[in-house]
Amino acid sequence: MSTPAPRTSRRVRSTSESTVELELNLDGTGVSHIDTSVPFFDHMLTAFAKHSLTDLTVRASGDTDIDAHHTVEDISIVLGQAIREALGDKSGISRYGDALVPLDEALAQAVVDISGRPYLVHEGEPAGFEYHLIGGHFTGALVRHSFEAITFNAGLTVHVRVLGGRDPHHIAEAEYKAFARAFRQAKAFDPLVDGIPSTKGAL
C-alpha cells in the first residue's frame, strides 16, 4: 500500500478588514502556533488543533478596534478553504465522525460528514448566549458564525448541539472541542476503505 500524499495547505487572505496567513497539516499531532489578535479565538483554535490532531499555524490581524467579527470570519473562511484543499479527493478516509464532549457543566455534541456538501445545523445554545462577551470582545454569536464559515468553505456537513451548560466560555469551548474530535474521526484514514467512501465515487 502506497503512502498517502501529505495532507497540507498554506493559504493567505488579505482584505481591507483583515490579513490572515494559515498553514495546516491534517496528519499532525496537534501542535499549534496561533496569534489572531482575538485572544479567545486563539484559545478555541488551539483547542481545535489539539483535539483534532491537526498541526495549525495562524497569524492574523484585523480591525478588532471596531469588532472581532471580521477577523474571526476571515480566519474561519481561510481555515475552511485550507481543510478542503488538504483533504484532496478524500480517498481512504472514514468520512464520518461523532463526538460528545463535556466541559464541567457544559455538554456538546458534534457530528461531521466530509460530504462535499456544505450544511450546518447548530442548536441548543441557551437564550441570550449570542449576546455574551467572552474574553472581553468575542461575542457568543461568533461561535455559530465561525462554524458557518468553516463548514461552507470546507464542504462539510456539520451538526452541533449544545445539550447543557451555564458558563458561556465552557459552552463555546465544548462546542469547538466536540467539532474537533468529530473531525478527527472523519478525516482519519480507514484501512478498510478502498477509494472514495461514496456510492457516487466523489465527495
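Buried means under 20% relative accessible area, exposed means over 50%, and partly exposed lies in between, with a 1.4 Å probe and protein chains only. Both Phe179 and Phe183 are buried by that rule. This is a predicted model, in which local features need pLDDT of at least 70, side-chain atom pairs count only at pLDDT 80 or more, and totals for chains, interfaces and linings use all residues. Residues are numbered from 1 along each chain as its sequence is written, and side-chain values use heavy atoms, with hydrogens and water left out.

## Helix packing

Two packed helices are described by the angle between their axes and the distance between the axes. Axes here are lines fitted to C-alpha atoms, for helices over the stretch in contact, and angles run from 0 to 180 degrees between N-to-C directions. Helices (H or I, at least four residues) and strands (E, at least two) are DSSP runs, numbered from the N terminus.

| Helix pair | Axis angle | Axis distance |
|---|---|---|
| H1 (residues 39–52) and H2 (residues 69–87) | roughly 15 degrees | within 12 Å |
| H1 and H4 | about 30 degrees | 8 Å |
| H3 (residues 141–154) and H4 | about 20 degrees | 10 Å |

Orientation classes follow from the angle: under 35 degrees is roughly parallel, over 145 roughly antiparallel, 65 to 115 roughly perpendicular, and the rest oblique. The axes of H1 and H2 cross at roughly 15 degrees. That makes H1 roughly parallel to H2. The crossing of H1 and H2 is right-handed. A crossing is right-handed if the near helix is turned clockwise from the far one by less than a right angle, and left-handed if anticlockwise.

Which residues make the contact between H1 and H2? From H1 come Phe41, Leu45 and Phe48; from H2 come Val72, Ile75, Ser76, Leu79 and Ile83. Contact means heavy atoms within 4.5 Å. The residues of this H1 and H2 contact are seven nonpolar, one polar and no charged. For these classes, Ala, Val, Leu, Ile, Met, Phe, Trp, Tyr, Cys and Pro count as nonpolar, Asp, Glu, Lys and Arg as charged, and the others, Gly among them, as polar.

H1 and H4 pack at about 30 degrees. That makes H1 roughly parallel to H4. H1 passes H4 in a right-handed crossing. On the H1 side the contact includes Phe40, Met44, Ala47 and His51, while H4 supplies residues including His169, Tyr176, Lys177 and Arg184. By class, the contact of H1 with H4 has ten nonpolar, four polar and five charged residues.

Ala47 sits in helix H1. At 7% relative accessibility, Ala47 counts as buried. Leaving aside residues up to four places away in sequence, Ala47 touches Lys177 and Ala180.

H3 and H4 pack at about 20 degrees. That makes H3 roughly parallel to H4. H3 passes H4 in a right-handed crossing. Leu142, Val143, Ser146, Phe147 and Ile150 of H3 meet Ala172, Glu175, Tyr176 and Phe179 of H4. The contact of H3 with H4 divides into seven nonpolar, one polar and one charged residues.

## Aromatic pairs

How many aromatic pairs does the structure hold? There are eight. Rings of Phe, Tyr and Trp (its six-membered ring) pair if their centres lie within 6.5 Å; planes under 30 degrees apart count as stacked, over 60 as edge-to-face and the rest as tilted. The ring centres of Phe48 and Phe179 are 5.7 Å apart and their planes lie at 20 degrees, so the pair is stacked. This pair links distant parts of the chain: Phe48 is in helix H1 and Phe179 in helix H4 (residues 168–187), 131 residues apart. Both Phe48 and Phe179 are buried.

Phe179 and Phe183 also form a stacked pair, 6.2 Å centre to centre with 20 degrees between the planes. Being four residues apart in helix H4, Phe179 and Phe183 are separated by about one helical turn. One aromatic cluster is formed by Phe40, Phe41, Phe48, Phe138, Phe147, Tyr176, Phe179 and Phe183.

## Positive phi

Arg95 has phi near 80 degrees, a positive value in a residue other than glycine. Arg95 lies in the loop between H2 and strand E5 (96–103). Is Arg95 buried or exposed? At 8% relative accessibility, Arg95 counts as buried.

Asp104 has phi near 55 degrees, again a positive value in a residue other than glycine. Asp104 lies in the loop between E5 and strand E6 (106–113). At 63% relative accessibility, Asp104 counts as exposed.
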